[in-house]
Amino acid sequence: MTDNRETELLAKVPGALFIGGEWRPATSGKTLKVYDPATGAVVKTIADASPEDGKAALDAAADAFPAWAATPPRERAELLRRTFDLLQERKEEFALLMTLEMGKPLAEARGEVAYGGEFVRWFSEETARIQGRYGPNPEGTGRMIVSQHPVGPCFLITPWNFPLAMATRKIAPALAAGCTVVVKPAELTPLTTLYFAKLLEEAGLPRGVVNVFTTSTSGAVSEPIIRDPRLRKLSFTGSTQVGQRLLEQASQGVLRTSMELGGNAPFVVFDDADLDKAVDGAILAKFRNIGQACTAANRFLVHRSVADEFARRVTERVQGFKIGRGTEDGVIIGPLIDDRAVAKAEQLVGDAVSRGAHVRTGGSAIDGPGTFYEPTVVVDVQPGSDILREEIFGPVLAIVPFDTEDDAVRLANDTEYGLVSYVFTESLARGQRMIERLETGMMGLNVGVVSNAAAPFGGWKMSGLGREGGAEGIHEYLQTKYTLTPNPF
């Protein structure tokens, strides 16, 4: 059941495709259903795009690109700023919408609105700061001009777990750079992106600059777009396996690519750590977004001398979590996104226990309605356990003891992934050593959350390519031109 507030909000959210500045049905006439994972109920029925619709979206982006690229930076900046202001006015609507389609607690959804909005504000400010350089060549025979130019039409594929922030983190820098975009939100959580497109439209977005399609046949619709020679940039957030396939497709057109892929984040607690800080950081790093974040801590590597006390404290905290629909007051743990996510959590915990691990709390799926899994603490996880190799994407905190700093580094780096790591120590020297030794693109030193619009987000190894956010983020959508002119003297 939905209350009047939810019904009124859902009526405002477009259920059509946004192509060329118009809201239109899918050419096939097909639709897809969006579900509330907390209840299993249908939230809204929306258009299900065909490959023809995908082509129309790219047509619109390609047609709009020359004029948008030539738009003065200040005008692009003001559009983004107007969008940011509108987002602040409707922050409660966006938060509720994310809770309905994704399941996260309303308090966390409000946090995502603030976080996602910062990308819009940050890149509105970066728009007017795209710089080049000018100077003599070393021989003194000419002058070198280095300039930056928008790369062209872009295809942006976003995941289901942060429906607003993952969209703004891609759309805002693309628009700031002068690029036009086609956006494909995840089938499971498309409504927030559709509502954000409506916000852009209200802010004065020119036709065709942003185009959004939703589909249940992602591969069939996306591949022709990626292989179209007019497309010049592909940005994807999701699993490493899908990212690898997309990179293969992108190689044909030698596309610029940004890939934010899987993670297997180590959370290292040394014997000299402040355990109060470490426990607070662990709760944030593990249970934010119900554990469904690529930055979520996956393996808790805790010095043997403090492992029991750390486990006792986190278990006590986890046992106090309220579980329920995200719209209820005080809820910390909402539903996982679908049945497959619940089954995966069950499999990973079951495998760990079969190898000798012990469950301190939780460890079971919760009977429906909804796709809930108990917040769980598992200790004494043994080498070779699936839970140490695979991304959990659920509310399961798995603890592995270690004895020496070298052991901690070896265990932390023993993965194909390298997105983020977390380290808790009161030793400045050890913290500096961990910055040098851990093979991750980001690191939290005595903090449990690292994401920030002003910082370059991205990983090493199989965790991806490129960066989103920060001064680096806009350069993902720019290409460099060098021009040599004769010596004027």
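**Notes on the predicted model**

1. Helices here are DSSP runs of H or I with at least four residues, strands are runs of E with at least two, and both are numbered from the N terminus. With a relative accessibility of 53%, E8 counts as exposed; the scale used is buried for under 20% relative accessible area, exposed for over 50% and partly exposed in between, with a 1.4 Å probe and protein chains only. E8 and E93 are 85 residues apart along the chain, and their C-alpha atoms are separated by 10.0 Å.

2. A word on how to read the values. This is a predicted model, in which local features need pLDDT of at least 70 and side-chain atom pairs count only at pLDDT 80 or more, while totals for chains, interfaces and linings use all residues. Residues are numbered from 1 along each chain as its sequence is written, and side-chain values use heavy atoms, with hydrogens and water left out.

3. Now the overall fold. The protein chain contains 16 helices and 24 strands. Its radius of gyration is 23 Å, close to the 23 Å that the globule rule gives for 489 residues, so the chain is as compact as a globular protein of that length. The radius is taken over C-alpha atoms, and the rule is 2.2 Å times the number of residues to the power 0.38. Along the principal axes, the C-alpha trace spans about 70 × 65 × 40 Å.

4. Next, packing and surface. Of the 489 residues, 57% count as buried. Taking contacts (heavy atoms within 4.5 Å) between residues at least 6 apart in sequence, 73% join residues at least 24 apart. The chain exposes about 19300 Å², and carbon and sulfur atoms supply 52% of that area; the areas come from the Shrake-Rupley method with a 1.4 Å probe, and for residues only the protein chains shown count as cover.

5. On charge, the protein chain carries 52 positive and 62 negative side chains, and the centres of the two sets lie 5 Å apart. Lys and Arg count as positive and Asp and Glu as negative, without His or the chain ends.

6. The cysteines deserve a look. The structure holds 0 disulfides, a disulfide being a pair of cysteine sulfur atoms within 2.5 Å. For C154, the closest cysteine sulfur is in C179 at 3.9 Å, too far for a bond. C154 counts as buried at 0% relative accessibility, and C294 also counts as buried, at 13%.

7. Some backbone details are worth checking by eye. The peptide bond from G368 to P369 is cis, with omega near 10°, and P369 sits in the loop between strand 15 (365–366) and strand 16 (372–373). F393, a residue other than glycine, has a positive phi near 55°; F393 lies in the loop between helix 13 (386–389) and strand 18 (396–402). K461 is not a glycine either, yet its phi is positive at about 50°. K461 is part of strand 22 (residues 460–461) and counts as partly exposed at 37% relative accessibility.

8. Finally, A408. This alanine is in helix 14 (residues 405–413) and is buried, with a relative accessible area of 1%. Leaving aside residues up to four places away in sequence, A408 touches V268, F270, L301 and F402. A408 and I392 are 16 residues apart in sequence and 20 Å apart in space, C-alpha to C-alpha.

Notes
The place of a charge is taken as NZ of Lys, CZ of Arg, CG of Asp or CD of Glu.
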